[in-house]
Protein chains: 2
Amino acid sequence: MIRPGLDPVTFVAGTTGAWAIDRVTAIVGPPLPAAARLEIHRPNATADGAWSLKGVAGQVRYVEAREKGDLNALSPPLGRTEATQGALIPIRKSVEWWSLAQDERRAIFEDHSRHIAGSMKYLPRIARRLFHARDLGEPFDFLTWFEFAPEHASAFDDLLATLRASEEWKYVDHEVDVRVSR
Amino acid sequence: MIRPGLDPVTFVAGTTGAWAIDRVTAIVGPPLPAAARLEIHRPNATADGAWSLKGVAGQVRYVEAREKGDLNALSPPLGRTEATQGALIPIRKSVEWWSLAQDERRAIFEDHSRHIAGSMKYLPRIARRLFHARDLGEPFDFLTWFEFAPEHASAFDDLLATLRASEEWKYVDHEVDVRVSR
């Protein structure tokens with residue numbers, strides 16, 4: 001039985017799946033093996049493939065109550081007909097990041113890097129879901145998933161450029177950008 | 001390869017293990033099956049037994065920088081010769097708890113319930129380790145492990161009574177108290 005609110009997922013890259021893999025770019029650290037298609041299994045599954053990455057949605061880790069209300073009000077659903085472009089961006093943060101206390105991580109995440117406030121202005125154009133993978137012993141700490149219409153692809157690139165220039169991103173030690181379309 | 005700082009563990013109850021299981025008490029919800037001995041596997045392992053529970057130590061979730069310094073300074077190691085009493089207390093929190101924002105959970109945890117400050121005065125008498133299990137899809141969200149000398153057993157019971165009377169504990173919907181000795 002899956003616990004309510006946990007929402008497990010496995011992203012499986014191989015020869016089948018609803019999404020075509022258009023481009024894999026290693027932003028920090030090594031890339032992922034090449035594959036043609038990406039399938040999203042929910043709930044998660046043991047699966048073969050060129051690679052597969054597991055995560056769970058779970059609870060928010062830095063978002064505060066006021067922000068949560070704003071995010072919930074503005075966040076679009078997945079699977080919108082016009083959202084034919086997607087990105088899976090798995091991210092790992094450094095040992096230094098994880099050894100920080102909760103308030104130190106929150107300060108870098110939002111007070112210095114404006115992760116929530118800066119991302120909010122891209123809503124509802126960009127649909128976004130975050131899956132946590134660190135406790136699962138996976139190679140990445142987070143799996144971030146995005147869906148958007150082709151006309152918002154450059155806005156999505158702007159969002160990524162802003163995040164990657166932030167103080168928070170100094171703690172990212174592995175990041176791969178997997179672009180997909182359907 | 002195990003990620004640095006993750007520190008996986010499996011508590012296995014069965015017929016072998018360094019600790020004798022003296023008493024199992026269901027505090028909230030159903031108990032765990034009876035067993036004679038408890039073994040602690042680090043890193044974690046797939047294991048048979050009457051029951052087994054997995055977790056990972058990972059990063060702090062509510063502790064702030066000043067508190068972290070105090071806790072690190074006062075926290076004793078595991079395995080002290082005189083610490084022949086132990087307790088494994090697995091805990092699950094409600095869907096309502098996990099749907100709260102980070103600042104709401106922190107407020108209940110420390111501002112209202114004094115979880116950190118109230119526990120600190122029992123250091124270094126009580127050695128304590130927290131393992132997270134929620135993201136692993138385990139039946140409990142946390143595995144808490146304690147070691148203490150027999151003369152501090154009543155202090156340990158005082159600590160538990162204080163926590164169980166707190167606002168935070170209103171969100172606990174499954175808790176089992178497994179007392180062990182070696």
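Gln102(A) counts as buried, with a relative accessibility of 8% (buried is under 20% relative accessible area, exposed over 50%, partly exposed in between, with a 1.4 Å probe and protein chains only). This is a predicted model, in which local features need pLDDT of at least 70 and side-chain atom pairs count only at pLDDT 80 or more, while totals for chains, interfaces and linings use all residues. Residues are numbered from 1 along each chain as its sequence is written, chains are lettered from A and ligands numbered from 1 in the order in which they are written, and side-chain values use heavy atoms, with hydrogens and water left out.

Gln102(A) sits in helix 3 (residues 102-112) of chain A; helices (H or I, at least four residues) and strands (E, at least two) are DSSP runs, numbered from the N terminus. A polar atom of the Gln102(A) side chain lies 2.9 Å from the backbone oxygen of Arg61(A). Neighbours within four places in sequence aside, Gln102(A) touches Arg61(A) and Tyr62(A), and from chain B it meets Val60(B), Arg61(B), Tyr62(B), Val63(B) and Gln102(B) (contact means heavy atoms within 4.5 Å).

As for the pair of chains, chain A superposes on chain B through a rotation of 180° with 0.0 Å of shift along its axis, at an RMSD of 0.0 Å (least squares on the C-alpha atoms of residues with pLDDT of at least 70 in both). That is how a two-fold axis relates its copies. The copies meet through the same surface, since 100% of the interface residues of chain A are also interface residues in chain B.

Buried residues make up 49% of its 182 residues. Of the contacts in chain A with a separation of 6 or more, 77% join residues 24 or more positions apart.

Helix 5 (residues 153-164) of chain A has 12 residues and reaches 17 Å from first C-alpha to last, close to the 16 Å expected at 1.5 Å a residue (the expected span is 1.5 Å times one less than the number of residues). Its buried residues are Ala155(A), Phe156(A), Leu159(A), Leu160(A) and Leu163(A). They end up on the same side of helix 5 of chain A because they cover an arc of only 140° around the axis (judged by the directions from the helix axis to the C-beta atoms). Their cover includes strand 5 (85-93), helix 4 (115-120), strand 7 (142-148) and strand 8 (172-181) of chain A.

Methods: A polar contact is a pair of N or O atoms within 3.5 Å; within protein, one must be able to donate a hydrogen and the other to accept it, and residues adjacent in sequence count only if both atoms are side-chain atoms.
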